[in-house]
Amino acid sequence: MQIKDLAIGDGYVYLMEGGSKVKFYVLCHNYESGLNGKGRTMFCRESPANLDLNKFTAAVQKWISTTTYNYQYITWSGSYSKVQTGSANFFSLSAIELNMAKDYYTKNLADGSALSAAARTRVGYIRTASNTSFWTRSPDQSSSGYHKEDGENVYEYNYYYAVSGASGSSISFLKFDRHKNSLANLPCFTLPETLYIDKDGFPTVNQPPEVTSDVGESGVALGEKSKPFTLSYTVTDGDGDPMTITEKVNGVALAVRENVATGTELTVQCLSEKELFQQILNGENTLVLEADDGKTSTDWTATFTKNVTGAVLSLTQPLTADDTITVAALTLEGSFPADMSLSVKLTNNALDETPAWENCTDIQRGESRAFVHHAFANKTAARGFAFNYKITAARGESGTGGTLTMIGGVIG
């Protein structure tokens with residue numbers, strides 16, 4: 001995500017200010033684009049303070065730079081000056097930007113444009129939370145103190161965004177001589193909208209990794225899946241940084257790949273590999289592919305419904321024997337609904353090119369256990385006697401699911 005994608009009023013970045021992590025909220029994108037050009041986003045501090053540029057890192061100082069804004073002052077004749085332009089690293093909001101121009105003294109001001117309702121709401125939250133009135137940069141036409149500016153007498157008073165009682169629920173146009181009274185500043189500044197946001201919320205020039213897939217953009221619905229399936233994706237990093245890729249299902253990391261180069265095409269292991277797919281429960285599931293370059297991270301997500309109604313199980317490696325295998329007995333533990341189908345095939349020559357699979361008819365089944373006993377008809381094994389089983393189970397018409405938690409047995 002880039003700064004330009006942050007929501008006005010709620011979006012924020014963190015900056016280190018004098019060694020402390022401080023939050024700064026977005027108030028406006030393309031702030032005063034007629035003066036600054038497009039691409040500068042205005043932020044305000046999460047609480048009142050007097051900012052010093054030297055409290056920030058050299059990189060942040062460069063990003064903040066200076067912002068140009070409109071302002072006015074009051075002449076000795078009591079009228080507003082023409083709209084002036086000023087520039088500073090940090091500046092105050094104007095009465096117009098805060099939508100305060102509602103009385104005789106401010107109705108002719110033109111020192112800015114009203115911010116959005118979301119931005120003004122955020123400033124109101126800050127005022128309420130701090131129970132503090134803020135200086136604006138707008139002048140007050142009814143004041144009497146003055147100083148010289150450009151050879152003219154200029155009044156020394158400004159409007160402020162005031163708190164009424166502890167609630168901070170109203171704005172009043174009280175006048176304060178800023179040279180005689182202490183009042184808070186809510187500092188604002190701008191940053192380039194093209195900066196990225198790292199995984200800790202700090203702006204950065206580092207480009208985040210990107211995850212793309214032929215199945216669609218992040219958030220795609222993959223539908224119902226009844227068996228392992230292949231999902232390919234590609235990870236890239238604009239800076240060429242090596243990445244760590246984590247594949248998660250429902251928040252659980254099922255595969256992690258490190259030092260992945262930009263442009264690498266991968267296949268989701270937990271969906272294509274049988275053993276990992278079996279660990280995923282039936283029902284709605286969320287897949288997250290996280291690419292992290294050590295500075296920023298990107299998530300690509302997809303949803304799918306697993307609906308496996310049957311399974312076929314065998315030993316990965318057959319059990320070998322020194323002599324003829326004549327009989328075998330199995331015990332199956334789990335839950336066995338009445339209408340589920342269950343078949344068992346056994347072989348005593350599992351190493352042969354074409355094993356002799358024999359159907360077992362002696363299957364005794366209860367609710368939590370099933371027992372199998374079988375005497376083999378086959379008496380030959382070209383590659384030596386070796387035992388394996390093939391258990392096939394499936395749901396019945398009721399749709400009631402069963403489980404198989406343990407398979408044990410003996411051969412003789």
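Me: Why is Asp10 called exposed?
Reply: The model is a predicted one, and every value here is computed from it. Asp10 has a relative accessible area of 54%. The label exposed requires a value over 50%, so Asp10 is exposed.

Me: Why is Arg122 called buried?
Reply: Its relative accessible area is 14%. Buried means under 20%, so Arg122 is buried.

Me: What makes the contact of Asp10 and Arg122 a salt bridge?
Reply: The N to O distance between their side chains is 3.3 Å. The criterion asks for a side-chain nitrogen of Lys or Arg within 4 Å of a carboxyl oxygen of Asp or Glu, and therefore the pair qualifies. It links distant parts of the chain: Asp10 lies in the segment before strand 1 (12-17) and Arg122 in helix 3, 112 residues apart. The structure holds eight salt bridges.

Me: How do you know that Asp292 and Lys199 form a salt bridge?
Reply: The closest N and O atoms of Asp292 and Lys199 are 3.0 Å apart, and the limit is 4 Å. Asp292 belongs to strand 20 (residues 283-292), while Lys199 sits in the loop between strand 12 (196-197) and strand 13 (203-204), so the pair ties together parts that are 93 residues apart in sequence.

Me: Which labels do Asp292 and Lys199 receive for accessibility?
Reply: Asp292 has 15% relative accessibility and counts as buried, since buried means under 20%. Lys199, at 44%, counts as partly exposed.

Me: What makes Asp241 and Lys295 a further salt bridge?
Reply: Their side chains meet at 3.3 Å, N to O, and the limit is again 4 Å. Asp241 is in the loop between strand 16 (232-236) and strand 17, and Lys295 is in the loop between strand 20 and strand 21 (297-306), 54 residues apart. Asp241 is buried, at 13% relative accessible area, whereas Lys295 is partly exposed at 42%.

Me: Why is Asn30 called partly exposed, and why does Glu32 count as buried?
Reply: Asn30 has a relative accessible area of 30%, which lies between the limits of 20% and 50%, so the label is partly exposed. Glu32 has 17% relative accessibility, which is under 20% and therefore buried.

Me: Which strands are called edge strands in the open sheet of five strands?
Reply: The sheet has the order 15-21-20-17-18, with mixed pairing. Strand 15 (220-225) and strand 18 (252-260) each pair on one side only, and these are the edge strands.

Me: How do you know that strand 17 and strand 18 pair?
Reply: Strand 17 (residues 243-249) and strand 18 share six bridges in the antiparallel sense. Pairing requires at least two bridges, so the two strands pair. The bridge partner of Ile245 is Arg257, in strand 18.

How values were computed
Residues are numbered from 1 along each chain as its sequence is written. This is a predicted model: local features need pLDDT of at least 70, side-chain atom pairs count only at pLDDT 80 or more; totals for chains, interfaces and linings use all residues. Side-chain values use heavy atoms; hydrogens and water are left out. Helices (H or I, at least four residues) and strands (E, at least two) are DSSP runs, numbered from the N terminus. Buried means under 20% relative accessible area, exposed over 50%, partly exposed in between (1.4 Å probe, protein chains only).
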